[in-house]
Amino acid sequence: MSFVFRLMLLAVMSVLPSAMLEVWRSEEHRQENLAEVPARALGLAQIGAAEQRRILEGARQLLTALAMLPVIRDRDEARCGPALQRAREQFTLYTVIGAADLDGRIWCSSSTAGIDVSDRAWFRRTLETGSFSVGGYVVGRVTGRRTLNLSLPVHDDELRIVGVLSAGLDLDLLAEDLATREPAPGISLTVVDPFGTVLVDLPSRQQIGQPLPERLRHIVGAGPGVLDTEWLNGRREIVGHVPAIAPASPSFLVAVGLDHERFVEDAFRKGPPRVVSAAVMAAALLAAWFFATRYIRRPIARLMAVTERWRQGDMTARAGRIDRSSEISELGLAFDVMADAVAERERRMADMLESTTDSVWAIDRDWRVTFQNRRGKARLEGFDLLGRKVWEVFPELEAGPVGAAYHRAMEERVPTQVTFYFEPIAGHFEAHVFPSEEGGITLFVRDVTEALQARQALLHQAYHDPLTDLPNRNRLQEMVTQGEDGRMPSALALLDLDGFKHVNDTLGHPAGDVVLRDAASRLAAHLGGQGRLARLGGDEFAVLLFGAEAAANEAIVEGMLAALERAPFTVRGRQFRITASAGLARVPPGAAPDAETLLSNADLALYRAKAAGGGVHRVFSEADRAAYETQRLLDEQIGRAAEQGEFELHYQPQVRLSDGALVGAEALIRWRHPTRGLLGPAAFLTTLECSRHAPGVGGWIIDEACRQTAAWREAGLPLRIGMNLFAEQVASGDLEEVIEAALAAHGLPPQMLELELTENIALSQDGAELLAPLRALLARGIGIALDDFGTGFASLTALRDVPVTRLKIDRSFVSGLPEATHDAAIVESVLVLARRLGLEVIAEGVETEEQESFLAARGCPEGQGYRYGRPMPAEEFLAASLAWEARRGEARRRMGR
């Protein structure tokens, strides 16, 4: 039945009733007028709900498009911010657009990055639901504007959530936009978020950000309905409320209120009088039919025609202004606004798809290509795709993984991803396939050829040494655990070049690199297919052996050492003899190879080979591990001793041989072990010198010795104090500051301090820069003694290069005096050498009167040894020293008599 026929039937039926029926109809007309009020309120609410749905759908599509951008997926922080800024400038309804990681830190924003949003409900809800989410009313932390947050999870290539994209809907701009289409006077418009907070309140705008009163909260989340109630503005209104079903749950609420007095009571008063005649009523009905046809049927028909064109894909169809002022006209204008927004969204989406570096295709449910951006056309130049079925153009792809991924996305409606090689254009591609709302699929295809090549180069770099192109430590560890070519390793050897440092020191590191490459070539050539050679760094190589015979493995290692020694290495016309030391560790029978254990065992064996003088190999045994553990335990105990103050100083007197005067003392370290008692230096000093605790303990020795010397000085015993230095103290760079601080702290003159160096320590300090602190201390008046003179590697070199004031003749030369002629000759030579160089001398290890007489007769100024006293604690030393001086005084008085 047509709309016109229904209008005519209504007119005919209206004039037939009797006068009684006419009166009843008058009353009924009033009731109809009254019923139109809630219907109108509900209708306007539905229009407003449709507008909100459009806004939310637009936000979801915007965030979906942004989530596909490479700068978001690849987390390109440098380019991401400008991209989001451009997006926000295009979509001015949003205050800010940002991307957050899983910890809630905004790492990319159109405004300010670094904000923590982990406490925002919308952020947590998005991670929990894994879908587009609508937050509640907030005031933006950066913008300070009233905002509604809309968010969407970001997925990686494995469809795992890696972050959250969010856009803040500016509620003030939304209200201004709605205010431009504000209904007639007496009509209020209210938008409430899913949590009962008022987002839009027109025309008053006084309730924005306020919660709905408790008596009205039941309408949040409810279906469409009408209330006759006191509304937010305090007036009685007929309120139509409709949920705006968003692409997330729960939904918004749109409420339109009609003032009760203006609409309901006016409608009641405007009802026709009971005395209207049937003829007038009939005329009115005929007039109603005419106007319904003119102002209802025709406008609705026009609106339906525009809607049908739009449904068929004509996005330019618009209703325009149907008449001057009516709800249908408003509906037509609302339709046009919606159409304009959708068209604008489509335009911006197209611009965004054109600006991406990916090739973008749209394929309908019949596999026809309906869209292809410029990037896609340029990359597939020569292939005509638009309007054609994709499998007709690329039949070879349908049977492979590409076809499987595309079909799965099309048929199961799930996103898929596939990486493939396309031979016609010789490229590797990565396709992300998403089901579209129209039933087809959308493809984002990225050319990953360069990325794969770069990844392969990085992978090679990560597993190979850049200098020799040999496998590095990472690759070696993989070969140990995974084997190679089906073979599992049976042993691992570490090779360290002996004397390589001399090449670097002589000709520089570029020359050293030449030697390392040559050494790698020799080792690899000798090894052949018997194992794999790797470089671990510096001058250290590793050899992974696969033969089961222990003797054969040792023979291979010996052969590699011989290959290095066979001929000198020539660099820049210079020849260098380079040898190597090796440590070999075997995989225990029946055990799975473990990289860390093999490397550790081989390193211990290498340490033993180095200790044997180098140029040899050693095989790891459990005794090596036991010795290492003993040394490690001792190092730990030394660290505890340093922290708990278990070290103490004993002092041994130093005497002037000409008159027996006490002139100084040497501070010697002892360890008051909690279980082993008092330990001499032989039990721990070698380990202490090589440990990280040496600088700290050395600093304590300097400070404690200075403190004790200052105390003796105040007690009337002004003695020179000598103390040994560790190599780490000399090399640390702060020796001068440590000594100056100790002298200043205890008010001790520099002349009362003497620092003792062994020859080996002195010669290990390469360069004037490292010897400069010793020269500065010497200039301050501090003495520097060369300890154990004659027992080091190059005593005369030390005398030439190192600033020295005193030589200490080692006890090994004194113990045989005066009978041992060789020792006597050495001692006499040292004394002559010292006098010629202007140096002081003290002899260590003096125990007998004969030794003392021999030294004094040959001009040795001072002596130190058990003849004058063993090393003793400070209190005992003070008492013995005072007694010594008292005996000397008594002896002088007797001689004076």
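I take buried to mean under 20% relative accessible area, exposed to mean over 50%, and partly exposed to mean anything in between, with a 1.4 Å probe and protein chains only. By that rule R522 is buried, since its relative accessible area is 17%.

Before going further I note that this is a predicted model, in which local features need pLDDT of at least 70 and side-chain atom pairs count only at pLDDT 80 or more, while totals for chains, interfaces and linings use all residues. Residues are numbered from 1 along each chain as its sequence is written, and side-chain values use heavy atoms, with hydrogens and water left out.

**Entry: overall counts**

I looked up the secondary structure and found 31 helices and 31 strands in the protein; these are DSSP runs numbered from the N terminus, helices being H or I with at least four residues and strands being E with at least two. Of the 897 residues, 46% count as buried. I also looked at contacts, meaning heavy atoms within 4.5 Å, and among those with a separation of 6 or more, 58% come from residues 24 or more positions apart.

**Entry: helix 17 and helix 18**

I then turned to helix 17 (residues 509-527) and helix 18 (residues 550-565), whose axes lie 9 Å apart and which pack at an angle of about 140 degrees. The axes are lines fitted to C-alpha atoms, for helices over the stretch in contact, and the angles run from 0 to 180 degrees between N-to-C directions. Angles under 35 degrees count as roughly parallel, over 145 as roughly antiparallel, 65 to 115 as roughly perpendicular and the rest as oblique, and helix 17 and helix 18 are therefore oblique to each other. Helix 17 passes helix 18 in a right-handed crossing, a crossing being right-handed if the near helix is turned clockwise from the far one by less than a right angle, and left-handed if anticlockwise.

On the helix 17 side I listed A519, R522, L523, H526 and L527, which meet I556, G559, M560, A563 and L564 in helix 18. The residues of this contact divide into 7 nonpolar, 2 polar and 1 charged, where Ala, Val, Leu, Ile, Met, Phe, Trp, Tyr, Cys and Pro count as nonpolar, Asp, Glu, Lys and Arg as charged, and the others, Gly among them, as polar.

**Entry: salt bridges**

What does R522 pair with in a salt bridge? I found that its side chain meets that of D518, at 3.7 Å from N to O, a salt bridge being a side-chain nitrogen of Lys or Arg within 4 Å of a carboxyl oxygen of Asp or Glu. Both residues lie in helix 17, 4 residues apart, about one turn of the helix. D518 counts as partly exposed, at 30% relative accessibility, whereas R522 is buried.

By this rule I count 45 salt bridges. Another of them joins R893 and E890 at 2.4 Å, N to O, and this pair lies in helix 31 (residues 874-896), 3 residues apart. R893 is partly exposed at 47% relative accessibility, and E890 is partly exposed at 27%. Elsewhere, salt bridges that share partners join R75, E77, D101 and R105 into one network.

**Entry: helix 22 and helix 24**

Last, I looked at helix 22 (residues 694-714) and helix 24 (residues 735-746), which pack at about 25 degrees with their axes 9 Å apart, and are therefore roughly parallel to each other. Their crossing is right-handed.
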